[in-house]
Amino acid sequence: MTSVSRLPDTIYASYCLPRRNLFLKPSWRLSLPPALFRGLFWLLFLSIIVLSLAPVDHPEFSPNDKVNHLLGWGVLGLLGCLGWTARVRLVLLLWCASFALEGAQGLTSYRMFSVADALANGAGLLIGLAIITLWGRILALFRVNSTQ
């Protein structure tokens, strides 16, 4: 019996998602260069570092600090996944950076270390990764259906 992984793409694509191209490839991006996403990524990352270590309370427009962490790091993960192809490594590296930022907050006299904040950061990063992954799969599905 032939395993699914050994079937030709044309047979496999007729009843399932394609094996390759499940993630966004550079040609599928929103017609914007990856350098733009990388620049926005670094701008947001530096902003998060400054806001994480600045002696300010959470903004008044959001009643929940965890929502701020989820949204900020989620957009950061989204931009990172659009700018680079090593997405899982990038998300893991950013999550380690979020723990390092939380540790740096614990070293200040006006902030405190919070594991819940680091977990919210990781959840945001995973949401950003999931959005890019699902978007790539949707585009791959439409591409397969349009060639049939």
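**Figure 1. Helix H2 passes helix H3 in a left-handed crossing.** In this predicted model, the axes of H2, which covers residues 34-53, and H3, which covers residues 65-83, come within 8 Å and cross at roughly 150°. Because angles over 145 degrees count as roughly antiparallel, this crossing makes H2 roughly antiparallel to H3.

**Figure 2. Residues of H2 meet residues of H3.** On the H2 side, the residues that take part are Pro-34, Phe-37, Arg-38, Leu-40, Phe-41, Leu-44, Phe-45 and Ile-48. They meet, on the H3 side, Gly-72, Trp-73, Val-75, Leu-76, Leu-79, Gly-80, Leu-82 and Gly-83. Sorted by class, the contact of H2 with H3 is made up of 12 nonpolar, 3 polar and 1 charged residues.

Figure 3. Followed from the N terminus on, its elements run α-α-α-α-α. Among the contacts in the chain between residues at least 6 apart in sequence, 73% join residues that are at least 24 apart, and the pair shown in the views above, H2 with residues 34-53 and H3 with residues 65-83, can be found within this series of helices.

**Figure 4. Buried residues and accessible surface of the chain.** Of the 148 residues that the chain contains, 33% count as buried. The accessible surface of the whole chain comes to about 9,300 Å², and 71% of that surface belongs to carbon and sulfur atoms.

Conventions:
Residues are numbered from 1 along each chain as its sequence is written. This is a predicted model: local features need pLDDT of at least 70, side-chain atom pairs count only at pLDDT 80 or more; totals for chains, interfaces and linings use all residues. Side-chain values use heavy atoms; hydrogens and water are left out. Axes are lines fitted to C-alpha atoms, for helices over the stretch in contact, and angles run from 0 to 180 degrees between N-to-C directions. Helices (H or I, at least four residues) and strands (E, at least two) are DSSP runs, numbered from the N terminus. Angles under 35 degrees count as roughly parallel, over 145 as roughly antiparallel, 65 to 115 as roughly perpendicular and the rest as oblique. A crossing is left-handed if the near helix is turned anticlockwise from the far one by less than a right angle, and right-handed if clockwise. Contact means heavy atoms within 4.5 Å. Ala, Val, Leu, Ile, Met, Phe, Trp, Tyr, Cys and Pro count as nonpolar, Asp, Glu, Lys and Arg as charged, and the others, Gly among them, as polar. Buried means under 20% relative accessible area, exposed over 50%, partly exposed in between (1.4 Å probe, protein chains only). Accessible areas come from the Shrake-Rupley method with a 1.4 Å probe; for residues, only the protein chains shown count as cover.
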